[in-house]
Each structure stands twice: as C-alpha cells, then as structure tokens.
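Okay, thanks for coming, everyone.

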Amino acid sequence: MDTGYVDGEHLVTCQRTYGVEVIGPVAVNGSWQSTSPEGLENTQFLIDWKKKIMTCPQGKTSKKWTVKQDKTVSDVIRAQFGKKDCLACPAVSQCTRAAVNPRQIVFRQQEHHEAIQAARRRQTTKAFKERYSKRSGIEGTISQGIRAFGLRVSRYLGQEKTHLQHVLIATAMNVVRLFQWQMGETPSQHRISRFAALAL
C-alpha cells in the first residue's frame, strides 16, 4: 500500500485479525525537531508504558500523561513535561520553540506506536525497497484495468453480476498480455505517447 493507508492501526489490525502483513512506507515525522540536525525528536525520548512516564534526553520525566481523542485517531497519548524543567534546560532550544510552554509529545498507544517505529526502521532497508518495488506492477495492472477495460464502472446490477464482470475483465487482461508477450511487448517497456513518438 502507499503511505496514505499505512498507519499503526492498520499494521496491527491487519496482522492480528486477518494474518495479513501490510507493506508500505509509513509517513515520516515532519516536525522541525526531526528535520533539524540539532533537534531532539520524539524517538530520543524513552517511554515507560507501565508507569506512564516519558523521559527526555536530559533525564527529566514528564509530569502529565493524558489519553485524548485526535482528529483522525482515537486514544492518542500526550505526554507533557514540567514548565520549570523545560525553561531551565540547557537544550530547550533544541526541544521546543514555545516561549513559555513546556515540551509536549503526542504519540499512539503502545502497540500502534511500536508498530510505526518498527515500520520506519524497516523502510530504510534495501530488503524493504526490493519488496515494495512489486507495487509498481500492481499499480500498472490496476491502471490498465481502469483505463482500458472500465474496471471502475459496473455495467450490471447486483454483486454476483459485478463479480462476473471483474472475472471477465481479469481474463481479458490476461489474454491481452499473452498476445503482447507473444509479440515481444514486455511489461517493462513504457508506453510512448504519440507526441513523443514524433521525436523518434
């Protein structure tokens, strides 16, 4: 899947409920702390799930641990540090840009949080990139079905007839690809537009 469908809930639920492994890149943390070389990003903070305490790189512990409802995700956690600890910290400029408010970190519940962190580490490896490269072929198949065979529009009423249409389209796509293979047109060859063909 692409980034829009890969989050902690999907990673955990698909594996647990259906035994399906979701493969796809997880959105990276876009905060300035993550993009700045000197910034103290969320992964540098230690989480004690049992005690419900977060510890910063300077050794200070959070003062509040609140479970709240996010716009898109339920039961997210917000850990807030003490104002006195943050204002007196020598690394405050690397941690927060707030003038008076202390550092606050929002993250998912433990199972979802750990799944996201593991996915972020995994997606930087060569093995992940090789596995994820198969998606281009899947996208190409879906695109062919939509553009050439009208896969998005059902010509019939009822689930059974619509399913039959899908089976017939899949069969037609296989026949077309078989003829293309016989003619030497491999899937790796990109289609050249008529305008681009004039240059040749």
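So, H113 sits in helix α5, helices being DSSP runs of H or I with at least four residues, and strands runs of E with at least two, numbered from the N terminus. H113 is buried at 16% relative accessible area, where buried means under 20% with a 1.4 Å probe and protein chains only. Setting aside neighbours within four places in sequence, H113 touches I47, W49, F107 and R108; contact here is heavy atoms within 4.5 Å.

Quick word on the source: this is a predicted model, with local features needing pLDDT of at least 70 and side-chain atom pairs counting only at pLDDT 80 or more, while totals for chains, interfaces and linings use all residues. Residues are numbered from 1 along each chain as its sequence is written, and side-chain values use heavy atoms, leaving out hydrogens and water.

Now, what does α5 (residues 110-122) pair up with? The axes of α1 (residues 8-18) and α5 come within 8 Å and cross at roughly 100°, with axes being lines fitted to C-alpha atoms over the stretch in contact and angles running from 0 to 180 degrees between N-to-C directions. The two are therefore roughly perpendicular, a label for 65 to 115 degrees. On the α1 side we have G8, E9, L11, V12 and R16, meeting E111, H112, A115, I116 and A119 in α5. That contact divides into five nonpolar, two polar and three charged residues, counting Ala, Val, Leu, Ile, Met, Phe, Trp, Tyr, Cys and Pro as nonpolar, Asp, Glu, Lys and Arg as charged, and the others, Gly among them, as polar.

Methods. Parallel < 35°, antiparallel > 145°, perpendicular 65-115°, else oblique. Buried < 20%, exposed > 50% of the residue type's maximum accessible area, 1.4 Å probe, protein only.
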